[in-house]
Amino acid sequence: MRMPRLFERETVLAPLMLVPVALYMLLLVGFPFLMAFVYSFSNVTVGNPEFHMTGFGNFSAVLRDPVFLKSLLNTCIFTFTSIGLVLVLSNMLTELLMREFRFKWLIRFLIMLPWTAPIALGTIGYLWFLDSVFSPLDWLLRSWGLLGKPQALLGPMSNLYWLGRPGLAMASVIVVHIWRLLPLATMIRIAGMNSIPREVIEAAQVDGAGYYRRLFHIVLPLLLPVISVTVLFSTLFTFTDMTVVWVLTKGGPPDNSTQVLASLAFLKGIQGGDLAQGAAVSLFFFPVLAGLAAVVLRLAKKAVVT
Amino acid sequence: MANVQLAGIKKHFEGVKAVDGIDLEIADGEFLVLLGPSGSGKTTLMRLVAGLEKPTGGHIVIDGAVVNDLPPRDRGIAMVFQSYALYPHKTVFGNISFPLTVEGMPREDIKKKVAWAAGLLGIGHLLDRMPAHVSGGERQRVAIARALVRRPKVLLMDEPLSNLDAKVRHTAREELKLFQREINVTTIYVTHDQAEAMGLGDRIAVMHEGTIRQIGTPDSIYNDPANMFVAGFVGIPPMNFMEQDGMIVGFRPEALLPAEALPDKDCMRLRLLVERVEDLGSHRLVYGTIGKDKVIANHSLRLNLPEGEEHEFAVCSQEVRRFDPKTGVRVRP
Amino acid sequence: MLKKIFSKSYFYGGLGVFLVFSAAPFYIMLITMFKRSHDLFGPTNNPFWLNEAPTLEHLDLLFNQTLFPRFLLNTFLVGLAVVVITVLLAVPAAISLARLAGRWGESVGIGIFLTYLIPPTLLFIPLSRVVSFLGLQNSLWSLVLVYPTFTVPFCTWLLMSFFKSIPKDIEEQALVDGCSRIGAMARVLLPLSVPGIITVVVFSFTLVAHEYIYALSFIQDSANKTIGIGMTTELVRGDVFYWGALMGGALIASIPVAVLYTIFLDRIISGMTMSDVRR
């Protein structure tokens with residue numbers, strides 16, 4: 001079997017093998033991405049596909065909408081709190097998992113479950129955990145005497161109504177996000193630790209550097225790219241996620257107290273059929289994503305240098 | 001079997017002239033060594049012959065046919081890479097038979113040919129092993145067997161011995177020369193090791209900065225260098241150079257002998273300030289200066305040459321080579 | 001000695017806390033799945049243990065009276081199709097970027113990785129129009145069409161660094177040994193990258209099982225839902241929760257996906273950290 005000579009040429013073969021991916025990405029990522037922009041400057045709805053450009057109308061409408069502002073604030077609170085706690089906790093968990101112990105594979109599997117199992121299904125477990133009547137968590141608090149008695153610390157009612165009260169609902173969503181991201185952050189961290197050559201740390205030891213000097217002058221600077229990757233993916237997965245909110249609270253308790261940008265865009269764009277406003281809301285992701293992209297480019301440049 | 005002609009071959013990578021205008025003819029059955037420091041373009045030149053790179057200019061002719069636009073598989077060449085590039089997922093048999101399988105040769109013929117090649121290299125007992133489970137020397141033989149099994153017109157070898165340890169390398173060199181003579185295949189061999197080049201090559205092409213600086217028999221390269229680069233690159237320790245009467249004169253360390261060894265010949269006498277003496281058993285290296293020039297002498301006399309003192313050395317005039325100080329080109333009397 | 005015991009108990013204590021935090025929801029699923037309804041809905045009963053003999057009534061309900069088996073099948077079918085498309089698109093692209101494309105290959109590679117950062121939440125609104133324009137609403141084909149937007153970029157990136165780790169010599173040797181360019185890829189490069197391709201297959205499949213937003217946006221017919229949205233929309237109806245079945249279904253669907261993912265976790269992580277995927 002002889003292929004035509006043309007296929008021997010890199011200049012022909014290289015683009016040829018890239019074309020399917022490029023075409024596909026252009027049509028199903030590039031084009032919709034542009035459409036999101038166009039929609040957000042128009043008055044398009046599901047029922048009325050003939051649309052007119054309306055300039056910044058959607059954006060100013062969205063910015064005047066208190067629900068939007070609340071969602072934006074919520075999204076930021078979720079993201080920053082989750083990432084901050086995930087960074088601290090993953091540091092601790094990494095120290096633990098770097099050691100050798102028995103049944104490590106099983107422990108590791110169980111600790112990774114929140115990340116490796118589908119998030120929608122994992123969140124279902126929390127629905128039961130935080131149920132308004134049968135919550136196992138409330139049962140635990142009651143049996144410890146913290147809840148359901150007249151003088152109990154958390155009040156005399158028999159349940160905390162985790163998902164029914166604004167503050168608690170928000171805390172619940174944050175905890176589920178942390179629960180989900182912790183394994184990922186830890187794995188990235190462990191991969192980073194393993195990539196620091198032992199000789200570098202040993203050389204520092206020989207040079208007489210103590211634990212903290214090693215940590216701050218050698219380990220942390222070397223880990224910085226890895227920590228940025230952790231922040232990058234944590235931001236990506238919390239800032240733009242709506243699954244946890246949708247399964248747990250659908251943005252409620254009824255007052256939008258856990259509404260986030262993603263769920264709001266879904267509510268407006270898909271459920272409400274107002275494509276223009278939905279697109280305008282989701283475009284607020286764009287600056288954050290651009291920032292993340294800049295981080296990736298910097299990291300990639302570094303990766304090329306080393 | 002075939003001859004190879006290169007005419008005006010050039011290869012520029014983004015402004016870097018890796019190979020810059022090379023004309024070369026290799027006779028049928030000849031063993032030609034491309035010798036040069038790293039970055040001299042010798043590997044690029046070989047890859048151009050193989051068809052792994054496309055020349056920026058010039059012609060490559062194998063067996064009378066221009067092969068510039070032919071892919072490697074249609075050039076009738078075989079190649080042994082420095083890393084041996086054995087297919088890790090195939091057995092030794094699978095490796096050696098691969099070029100034949102690709103050709104679509106019948107199974108029985110493949111077996112015969114593989115048996116022949118494996119016999120030639122003495123690796124018949126390894127055929128069922130995986131490459132990861134044979135030694136470095138054996139791997140090299142597998143790679144050579146795979147290259148020879150197709151009876152190529154031209155055999156290309158890119159530093160095939162450099163991954164072997166020093167002891168095995170010596171015998172491998174010996175064998176390489178023997179079976180090359182036996183099957184008489186035109187061979188181009190790339191190396192930066194001058195001992196390999198001198199020992200193996202019918203002719204040596206010394207390369208530097210993308211050009212051939214001299215081509216000739218090992219003897220002529222060593223004793224009749226065409227320019228200062230070749231004179232300085234070939235020979236360990238390198239040739240000594242001094243300025244004299246507006247010329248550069250060069251002489252090999254083994255030609256610079258204590259005056260006692262050359263009592264009454266037609267010799268140039270020089271006072272050498274001895275700085276250090278290395279006794280290497282069979283011979284001694286004397287490091288020192290003559291005037292302001294650093295020189296090395298290599299002699300096998302039993303002499304006591306105290307460090308820090310001057311001693312009279314001599315070089316016979318037939319050992320002296322003269323070079324133009326501007327161009328570095330040899331000036332013949 | 002005492003110090004050692006201390007540090008050991010701290011260690012196991014810490015590990016225990018993290019273990020409970022991570023695995024508790026799955027443990028509660030396991031227990032609830034076998035609980036009799038009477039036990040389940042007694043507010044004074046210990047929810048962390050079976051107070052009455054275990055029962056299979058919830059699983060019976062789940063498998064025989066709900067669309068759960070259908071959800072599993074749908075997810076599996078979409079996963080299969082997406083895996084095939086992803087491999088067919090990503091393998092040639094990754095080879096091209098790793099081997100043929102030279103210097104601009106690097107930039108295109110990073111560009112492809114960047115598209116991985118565009119989240120579904122930015123694209124689902126316009127894509128829902130694309131889907132309805134193609135007449136694919138409520139069809140599994142809409143997911144087959146759209147899911148490769150997030151599997152292909154990451155998998156191309158992963159495969160690219162995998163192909164880069166295979167020495168170029170070996171491919172050039174195949175060229176010298178009589179293969180065409182494409183022949184060398186098929187006979188030498190691909191067999192050597194089987195571990196990388198398996199990673200990509202598993203990763204694409206698990207991502208499909210993980211996906212929620214596109215499925216929620218495009219599919220309303222109960223019979224065409226995938227596992228994530230099926231469970232959370234069909235089995236959760238207003239105030240009526242089939243808790244036992246819901247918990248059982250979530251656990252049964254999660255574990256195989258989690259097991260698959262865990263096997264290839266290290267390689268997927270090194271893809272994310274843009275480090276070497278050689279193993």
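This is a predicted model: local features need pLDDT of at least 70, side-chain atom pairs count only at pLDDT 80 or more; totals for chains, interfaces and linings use all residues.
**Exercise 1. The bent helix in chain A**

Find where helix α9 (residues 211-239) of chain A bends, and compare its span with that of a straight helix.

Solution. 
- Step 1: take the straight reference. For 29 residues at 1.5 Å a residue, a straight helix would span 42 Å.
- Step 2: take the model. The end C-alpha atoms of α9(A) span only 36 Å.
- Step 3: locate the bend. α9(A) bends by about 50° at A:Leu224. A proline, A:Pro225, follows within four residues.
- Step 4: check burial. A:Pro225 is itself one of the buried residues of α9(A). Others include A:Val226, A:Val229, A:Leu232 and A:Phe237.

**Exercise 2. Two crossing helices**

Classify the packing of helix α3 (residues 66-97) and helix α7 (residues 166-195) of chain A.

Solution. 
- Step 1: get the geometry. The two axes come within 7 Å and cross at roughly 45°.
- Step 2: apply the cut-offs. Angles under 35 degrees count as roughly parallel, and 65 to 115 as roughly perpendicular. α3(A) and α7(A) are therefore oblique to each other.
- Step 3: assign the hand. The crossing of α3(A) and α7(A) is right-handed.
- Step 4: list contact residues. α3(A) contributes, among them, A:Phe78, A:Leu85, A:Leu89 and A:Leu93. α7(A) contributes residues including A:Ile174, A:His177, A:Leu181 and A:Arg189.
- Step 5: consider the spacing. An α-helix has 3.6 residues a turn, so residues three or four places apart point the same way.

**Exercise 3. Enclosed helices in chain C**

Explain why α8 and α9 of chain C count as largely enclosed, and say what α9(C) packs against.

Solution. 
- Step 1: start with α8 (residues 148-164). Its 17 residues reach 23 Å from first C-alpha to last, close to the expected 24 Å.
- Step 2: count its burial. 16 of the 17 residues of α8(C) are buried, so the rest of the structure largely encloses this helix.
- Step 3: repeat for α9 (residues 168-176). Seven of its nine residues are buried, so α9(C) is also largely enclosed by the rest of the structure.
- Step 4: name them. They are C:Ile170, C:Glu171, C:Glu172, C:Gln173, C:Ala174, C:Leu175 and C:Val176.
- Step 5: find the partners. The buried residues of α9(C) pack against α1 (42-50) and β6 (77-80) of chain B, together with α10 (181-192) of chain C.
- Step 6: look past the helix. C:Gly178 follows α9(C), with a positive phi near 110°.

**Exercise 4. Backbone angles in chain B**

Solution. 
- Step 1: recall the background. Most residues other than glycine have a negative phi, and most peptide bonds are trans.
- Step 2: take B:Asp63. Its phi is positive, near 55°. With 16 other C-beta atoms within 10 Å, B:Asp63 is partly exposed.
- Step 3: take B:Ala85. Its phi is positive too, about 45°. With 26 other C-beta atoms within 10 Å, B:Ala85 is buried.
- Step 4: take B:Pro237. The peptide bond from B:Ile236 to B:Pro237 is cis, with omega near -10°.

How values were computed: Residues are numbered from 1 along each chain as its sequence is written. Chains are lettered from A and ligands numbered from 1 in the order in which they are written. The expected span of a helix is 1.5 Å times one less than its number of residues. The bend at a residue is the angle between axes fitted to the seven residues ending there and the seven starting there. A residue is buried if 20 or more other C-beta atoms lie within 10 Å of its own, exposed if 12 or fewer, and partly exposed in between; C-beta atoms are placed from the backbone. Axes are lines fitted to C-alpha atoms, for helices over the stretch in contact, and angles run from 0 to 180 degrees between N-to-C directions. Angles under 35 degrees count as roughly parallel, over 145 as roughly antiparallel, 65 to 115 as roughly perpendicular and the rest as oblique. A crossing is left-handed if the near helix is turned anticlockwise from the far one by less than a right angle, and right-handed if clockwise. Two residues are in contact if their C-beta atoms, placed from the backbone, lie within 7 Å.
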